[in-house]
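Here is a short report on selected local features of one model. Please read it with the structure open.

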Amino acid sequence: MTNLSALSRARVLSYVEMAIRYNASDIHLVSNHPPYFRIQGKLRPMELPVMEPAALRDLLYEMMTDRQRVVYEETKELDFSYFCIKDYFFRVNVHTEKGSIAATIRIMPGLTRSLDDLGLPPAVKELTKHLSGLILIVGRAGTGKTTTLTHMVDLINHERQAKIITIEDPIEFIYESKKSLIIQREVGTDTTSFASGLKYALRQDPDVVVIGEMRDLESISMALTTAETGHLVFTTLHAPDALEAINRIIDVYPGEKQNQIRVQLAENLIAIIGQQLLPRRDTTERIVASELMVPNLAIRNLIRRNVLSEIRSQMDSGRENMYTIEQSLSSLVKRGLIYPETAQSYAKFPNLLQL
């Protein structure tokens with residue numbers, strides 16, 4: 001068993017080291033197939049041996065704790081974090097496919113880079129100075145939301161004395177408390193749900209509350225309540241852009257409550273950061289294109305009145321350092337970092353690009 005475990009660990013390490021060399025964002029492991037890497041957004045089979053079902057099961061079980069193995073065997077689904085290389089952390093989803101075990105491993109860099117290095121403007125850094133309110137980081141799956149969130153939390157950790165409570169599923173990065181005291185709670189291990197963790201977080205004297213992801217009405221309601229009671233709340237949401245994020249939050253509620261939620265959101269929203277990851281010109285790396293919405297008085301009134309279509313003109317104006325994804329894409333093209341056709345394929349409104 002020792003030799004088998006050592007062999008499995010060595011194989012995992014070889015896969016993640018290779019993926020990092022290729023600047024891959026994900027590793028896909030499926031029985032009777034070679035490993036697939038996602039490189040610059042494209043899925044590619046690697047020139048590696050086909051994964052036999054038994055060998056893949058041994059490899060993935062070696063990555064799990066005893067408790068995680070029990071959970072997987074009961075549910076056939078499991079999310080967990082894995083740490084094996086300095087300066088990187090890995091989010092693993094294990095699932096069952098045609099009766100055999102399979103997995104997707106998301107590769108996320110650690111904190112060796114700054115927000116500037118990630119390609120985010122100074123205005124994003126300034127958001128961490130707020131003492132209360134709601135900050136949303138939105139984008140589709142695999143667009144770097146967690147990486148941005150982690151860097152913003154770590155910035156607070158280094159710059160001010162605060163108690164930071166994170167509620168995650170799973171814990172994806174282990175912080176080391178610096179100026180701040182950071183308490184990390186994992187759903188399923190340390191608390192039963194996001195909503196329960198948020199409820200009790202309010203009794204633990206936090207300054208900052210970090211919610212790994214808003215997933216349902218209960219967690220959205222608790223996030224808004226936490227922000228409303230004078231705490232700074234960071235969270236992520238699966239939505240393509242800032243305006244759609246507002247729509248999705250409001251649409252979670254039944255019709256008779258939506259006006260109340262618009263008012264609550266208008267009063268407590270600090271900013272929405274939307275982002276995408278694009279293939280960088282002439283390299284295998286990817287680069288962030290982003291947008292920033294910072295509700296001014298006009299935007300808050302538009303949210304209350306449910307006239308979201310007019311928010312974009314406020315973002316276009318550049319007030320409060322706001323900008324749109326098209327402005328970000330146009331800048332990347334002018335700086336020679338992406339191709340014009342890349343900008344056109346990722347823009348929501350290609351006709352608004354200034355190339």
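Predicted model: local features only at pLDDT ≥ 70, side-chain atom pairs only at ≥ 80, totals over all residues.

Residues are numbered from 1 along each chain as its sequence is written, and side-chain values use heavy atoms, without hydrogens and water.

**Helix 6.** Helix 6 spans residues 145-159. Helices are DSSP runs of H or I with at least four residues, and strands are E runs of at least two, numbered from the N terminus. From first to last C-alpha, helix 6 reaches 22 Å, close to the expected 21 Å (1.5 Å times one less than the number of residues). Of its 15 residues, 13 are buried, so the rest of the structure largely encloses helix 6. Buried means under 20% relative accessible area, exposed over 50%, partly exposed in between (1.4 Å probe, protein chains only).

**E326.** E326 sits in helix 13 (residues 325-334). E326 is buried, at 1% relative accessible area. Beyond its neighbours within four places in sequence, E326 contacts (heavy atoms within 4.5 Å) residues including A347, F349 and L353.

**Rings.** F89, F173 and Y175 form one aromatic cluster. Ring centres pair within 6.5 Å; planes under 30 degrees apart are stacked, over 60 edge-to-face, the rest tilted. Two charges sit over rings, listed below (NZ of Lys or CZ of Arg within 6 Å of the ring centre and within 35 degrees of the ring normal).

| Charged residue | Ring | Distance to ring centre |
|---|---|---|
| R57 | Y61 | 4.1 Å |
| K76 | Y72 | 5.8 Å |

How values were computed
Phe/Tyr/Trp six-rings, centres within 6.5 Å; stacked < 30°, edge-to-face > 60°.
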